[in-house]
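Keep the viewer open while you read.

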Amino acid sequence: MPYNIAMVSDFFFPQPGGIESHIYQLSTKLIDRGHKVIIITHAYKGRTGVRYLTNGLKVYHVPFLVIYRESTMPTVFSFFPIFRNIVIREQIQIVHGHASLSSFCHEAILHARTMGLRTVFTDHSLFGFADASSILTNKLLKFTLSDVDHVICVSHTCKENTVLRASLDPLMVSVIPNAVVAENFQPLEQGGPPSSIGPNDIITIVVISRLFYNKGTDLLIATIPRILSSHPNVRFIIAGSGPKAIDLEQMLERNVLQDKVEMLGPVRHEEVRDVMVRGHIYLHPSLTEAFGTVLVEAASCGLYVVCTRVGGIPEVLPQHMTTFAKPEEDDLVMATSKAIAALRSNKVRTDRFHDQVKMMYSWTDVAQRTERVYKGIQGDISPEEFYGYYPGQGWEASGDRVRSFALIDRLKRYYGCGVWAGKLFCLCVVIDVLIYVFLEMWFPRVNIDIARSWPKKLKQKEVADSTGNGPDRVSSTT
Amino acid sequence: MPGRLILRRPSPTTVSFTVSNASRHTSTPAKILFYLQILLRALVFFCVVFFNIARLRHSFFNQDGSLVHWSTIWSSPLGSIVSRIVDSYSAWVVVILSAIVIYGVFRKGYTEESLLVIRGLGIQTSTSSLTYLSKASTRFIPTTQIQDIVIHEAFKGFEVRFYLAIIVDGESEVVVVFPKLLPNRAILEEVWRGSRRCLYDSKS
C-alpha cells in the first residue's frame, strides 16, 4: 500500500552534495513506486516557501535560523508547531530523517514519535568516539535513536559505527547503500576494440575531492612527488577546493610539477563526468568515508580505482576494479604503482566497468529496499519476517523492536541513555508531549486544511475514466 | 473566526466574491444584540462628547445659548458630578482616553474582503477598513496585466496557509487576494474556479 512519507533534513538542494542527491533520488524513485513524498528542509538563500520539483516532489523550505555549514540552530521544541502543521496537512504516516549532523532531522523524529508516527533515520557519515565534539554528537544521536523505529545505514561499516555510537539493537539497523545514476557517468564513446595502453603512453590520474583534512589531502600532497619521480609518464588532474588547496599548490611549486599536475579548482557535480573521462586511474586518498559514492561514479566512467582501505570503502566496489592501500604514504605509492603497472600490462578491462556498475547500483533498487523498511515498521510485514526469527536464542523476535507509542514505554527507553542524560531526555520528552497537547488545543486539527496530493500517474485504462482533477496550478478548467 | 463566502453575480460577465467573518444575525437574540450594540456605541459616543464639553466648560460652554442653558446643566446633579470627575484629571488624560474610546466606538468588529471580476475589464480586490470612518482599500488590475490566478501555499506564523494570488505583469511580487482572512482551501478553490471561468471562459 502507498505511504505518505516526509523526508526531513537540513541538507537539500540547491546546496550540492551526496546527502542532498541521495534524498532527491530516493524520493523520486519512491514516488515512481506510488508513494507520496514531501521534503522538509530549511530555507536557503533565494529558495524559500513551498516548492514543487520534478514529478510532484513537494519541498517545504521552513524559515529557520542557520548557524553553521547550513545546519540549523538546535532548539529542540521551536520546530514543533510548524512540523505538526505540515504533517497534518500532508497526512504523513512515516517521517524519514537524514544525516546525523542535521538538528532538523533529530527534532522531527522526536516530534513525530510524540505525534504517533513511525520514524526512520538514515545515517550518512562515520564518527569517532574520542574527541569532545564526537561525544556530544553521539549523545545527541543516542537521544534521537532511543526511540526511532528503524535505522538505515549506507554501508556495513557505517552500521557498525552507528550501532556502537547509539547503543542500538543491530537488527533494527538495515544497510542500504547509495547508488549512482549510471546514465550520467558514461565512459567515453569508443568505436571498435578497446585501445591498449603502451609502455610509454601517458597515464592520467584523476583526483576529485573536497580538499579537507579528512579527505586525505595531506596524504595526496606527500604521494604526488614520489609517484611522479618514479613514473615519468604520469599526469595528475586534481579537481576540488578547500582549505588544503594552498598546501597542495605550495607542494607543486616546491617540486616544480606544474606541467604534470593540473589543478581545476571546484567543479560542479554535472561536470564531474567530463573530468573523470579524461583519466585512467581514480585516486581516492580519503581518511574516513561512510560510503564513497564518488568511487562508484569513477568506476562507472571506466576508471581503475586506487583507494585507501578505510570506512565503508572496501564494500563499495568489487576486487577487480580497485587497488587498496593502507592510509599511509608508502603503501599508497606502492598501490598506485601497482595500478599503473596493471594498466600498462592491459590486464584490467576498464571498458566493462560501466555495465557492471550499472548492474550493481540503481536507485530503483534502493527505493525498493527502503520500501521494505517502511512496510516492516508499519506492520505490513510481520516482525518475524522483517527482523528475522531466531527461535531458541533466548529472546523474542518481536520483543522491544516494535516500538510502542505509550509515553511510559518511551520514557523507559530514554531513561536508559545515561545517568544524567537519561533524566534530561525524559524531561525533554515530557515537555514535548505537553507542547503537543497544548498545540492540539490552541491550533485544533480541524482548522488545518488538508493539502491536495499531486495526481498520480494513471495507467492507460484509468486515464479513460478519470475526471482529471489536477493540481491547482496546472489543471485546466473544464 | 473562519470566513464565509458570499457570491454575487449581477450580470453574466461579472462576479463578486466576498469573504467575511462578520456574524450573520439570523436568530432573533442575535438581531437584538446587534441593535443593542449600535445603541451602546451611540450612547458611549455621546457620553464622551459630553465629558469633553464638560472639560471645556470654562472657556467655551459657559454662556447660556439660545438652544442650551449650559449654566443650568453644570449646576444640575449629573452635570456637577461629571464636572468634578473631569476636573480631577489633566486635559491630556481626557484627550487620550476619549480618543481611545472613540476609536473603539467606530471600530468594526469584522473584516470583509472581496474580489470583483469583470470580464474584459479586470479584477478589483478590496479589503475593508478597520473603522467605520475610513474607506476600504482597493486595487484594480486590468485584464491585460493579469498573467494568471493561482492558489499556492506559504508559511505564515506557525502555519502553512493556502492563498489565492494574482500574478501581475511587470511586478516582482504577486497580489494576494483576501490577505487578512486567508480563507480555507475549499473557499479559495471555489473563488479560483469562478474567477477563471468569468475571466477566460467564453461560453458562460
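**Ground rules**

Two strands count as paired if DSSP finds at least two bridges between them. Strands (E, at least two residues) and helices (H or I, at least four) are DSSP runs, numbered from the N terminus.

This is a predicted model, where local features need pLDDT of at least 70, side-chain atom pairs count only at pLDDT 80 or more, and totals for chains, interfaces and linings use all residues. Residues are numbered from 1 along each chain as its sequence is written, while chains are lettered from A and ligands numbered from 1 in the order in which they are written.

Take β6(B) (residues 146-156) and β7(B) (residues 159-168): they run antiparallel and are joined by 10 bridges. Look for I149(B), which sits opposite I166(B) in β7(B). Their hairpin has two residues between the strands, and G157(B) takes a positive phi near 60 degrees there.

β7(B) also pairs with β8(B) (residues 175-177), again in the antiparallel sense, over three bridges. Here A165(B) faces V176(B) in β8(B). This hairpin has six residues between its strands, with G170(B) in the turn at a positive phi of about 75 degrees.

**The five-stranded sheet**

Chain B also has an open sheet of five strands in the order β1-β2-β3-β4-β5, with antiparallel pairing. β1 (4-11) and β5 (137-142) of chain B stand at the edges with a single partner strand each, so one side of each has no neighbour in the sheet.

β1(B) pairs with β2(B) (residues 14-20) in the antiparallel sense over six bridges. In β2(B), T14(B) is the bridge partner of S11(B).
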